[in-house]
Amino acid sequence: MTTLPMQRHREPRAFGATGLDVSRLGLGCGGIGESRVTEGEAERLVHAAVDLGIDFFDAARSYGLAEERLGRALGPRRTRVVLSTKGGYGASGCDDWTGACITRGIDEALARLRTDHLDVFHLHSCPLDVLRRGELHEALVRAREAGKIRVAAYSGDNEALAWSVDSGTFGAVQCSVNVFDQHALRSTLPRAASRSRGVVAKRPLGNAPWRFAERPIAEDVGASWDRMRAMDLDPSPLGWDELALRFTAFAPAIACAVVGTTRVEHLAAAARAVEAGPLPDDVARRVIERFDAVGSSWPGMV
């Protein structure tokens, strides 16, 4: 039996100027959308997350069965959480990245998630040239005015992230922030904070490259492995997981860090790590200095 943390502390964080409060730790729901995960496993994970005080749940149109399963598992607990999803593509009968796709995609997400509104709806990794299209912004404004979404948001990195922060459409952004990817912390997120945008950090474990003795074949994990080797960072006296989670969850401008997992015990361990608070000053300084020494020119990892 998995033992949940004794202290189930929900630390509410203002989500920018959106009027929402979020827990410092969120659940990324990509895993529960995978066919290898059973309905029962998905339900147990969602219920455990709520019991742990996690109230930010992040799904996407591209996450397989995630939206349907999340909607079923939450049931009456829907009112206790901030429900976030991502789209801009995959809506029935529409071309991707059009105003019609945004409108229909939101309606279909509402049905899959069994809710009358989405707290946060992100344009998901939308390229910069597409992101500038006025029809996308108009569709988001209409959805917000109709009460279908509370916050229009953007999920992505680098130039498109910077553009979205300066746009008047988006009240929140989601981007990669971790020990091996500190680009947004240096470039865009200070400006996001000054504009009172809600900020969600994805990939707080940075693909956990420390799991591998040799460079992984998967390119995203391999790129993180390369960065880890270049930084040559010793995580002690902490383990890698705790170091990574505490670094990201308490980084400047971050309201919520979302971890993706399918196992209750892993989620409980993440909650315990965040409950330990910010990294000691000397450890945090070492993480920043090693990145500055070798990675100051590294772009955000899309």
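These legends accompany close-up views of a predicted model of one protein chain.

The model is predicted, with local features requiring pLDDT of at least 70 and side-chain atom pairs pLDDT 80 or more, while totals for chains, interfaces and linings use all residues. Residue numbers start from 1 along each chain as its sequence is written, and side-chain values use heavy atoms, with hydrogens and water left out.

**Figure 1. Overall fold of the protein chain.** The protein chain has 12 helices and 10 strands (DSSP runs numbered from the N terminus: helices are H or I with at least four residues, strands are E with at least two). Along the principal axes, the C-alpha atoms fill a box of roughly 50 × 45 × 35 Å. Of the 302 residues, 55% are buried (buried is under 20% relative accessible area, exposed over 50%, partly exposed in between, with a 1.4 Å probe and protein chains only). The chain exposes about 12900 Å², and carbon and sulfur atoms supply 50% of this area; accessible areas come from the Shrake-Rupley method with a 1.4 Å probe, and for residues only the protein chains shown count as cover. Among contacts (heavy atoms within 4.5 Å) between residues at least 6 apart in sequence, 75% join residues at least 24 apart.

**Figure 2. Nonpolar cores and Leu123.** The largest nonpolar core has 85 residues, and Phe57, Leu70, Leu123 and Leu189 have the most contacts inside it. Another core lies apart from it, with 13 residues that include Val22, Ala153, Ala172 and Ala255. A nonpolar core is a set of buried Ala, Val, Leu, Ile, Met, Phe, Trp, Tyr and Cys residues joined through side-chain atoms within 4.5 Å. Not counting residues up to four places away in sequence, Leu123 touches Gly87, Trp97, Ile102, Leu131, Leu136, Leu140, Ala153, Tyr154, Ser155 and Phe170.

**Figure 3. Salt bridge between Lys86 and Asp58.** The closest N and O atoms of Lys86 and Asp58 are 2.6 Å apart (a salt bridge is a side-chain nitrogen of Lys or Arg within 4 Å of a carboxyl oxygen of Asp or Glu). Lys86 lies in strand E5 (residues 82-87) and Asp58 in strand E4 (residues 56-58), so the pair ties together parts 28 residues apart in sequence. Lys86 is buried at 1% relative accessible area, and Asp58 is buried at 2%.

**Figure 4. Further salt bridges.** The count for the model comes to 17 salt bridges. Arg195 pairs with Asp166, the closest N and O atoms being 3.4 Å apart. This pair links distant parts of the chain, 29 residues apart: Arg195 is in the loop between helix H8 (189-194) and strand E9 (198-202), and Asp166 is in helix H6 (residues 158-166). Both ends are partly exposed, Arg195 with 36% relative accessibility and Asp166 with 41%. Glu34 forms a salt bridge with Arg36, with the closest N and O atoms 2.5 Å apart. Here Glu34 is partly exposed at 33%, whereas Arg36 is exposed at 58%. Glu39, Arg69 and Arg72 are linked in a network of salt bridges.

Figure 5. The model has 7 aromatic pairs. Phe180 and Trp240 form a tilted pair, 5.7 Å centre to centre with 45 degrees between the planes. Rings of Phe, Tyr and Trp (its six-membered ring) pair if their centres lie within 6.5 Å; planes under 30 degrees apart count as stacked, over 60 as edge-to-face and the rest as tilted. Phe180 is in the loop between strand E8 (172-176) and helix H7 (183-187), and Trp240 is in helix H10 (residues 240-249), 60 residues apart. Phe180 and Trp240 are buried.

Figure 6. Arg227 is found in helix H9 (residues 219-231) and is buried at 9% relative accessible area. Not counting residues up to four places away in sequence, Arg227 touches Phe180, Asp181, Trp298, Pro299 and Met301. Thr188 sits in the loop between H7 and H8 and is buried at 4%. Leaving aside neighbours within four places in sequence, Thr188 is in contact with Leu161, Ala162 and Val165.
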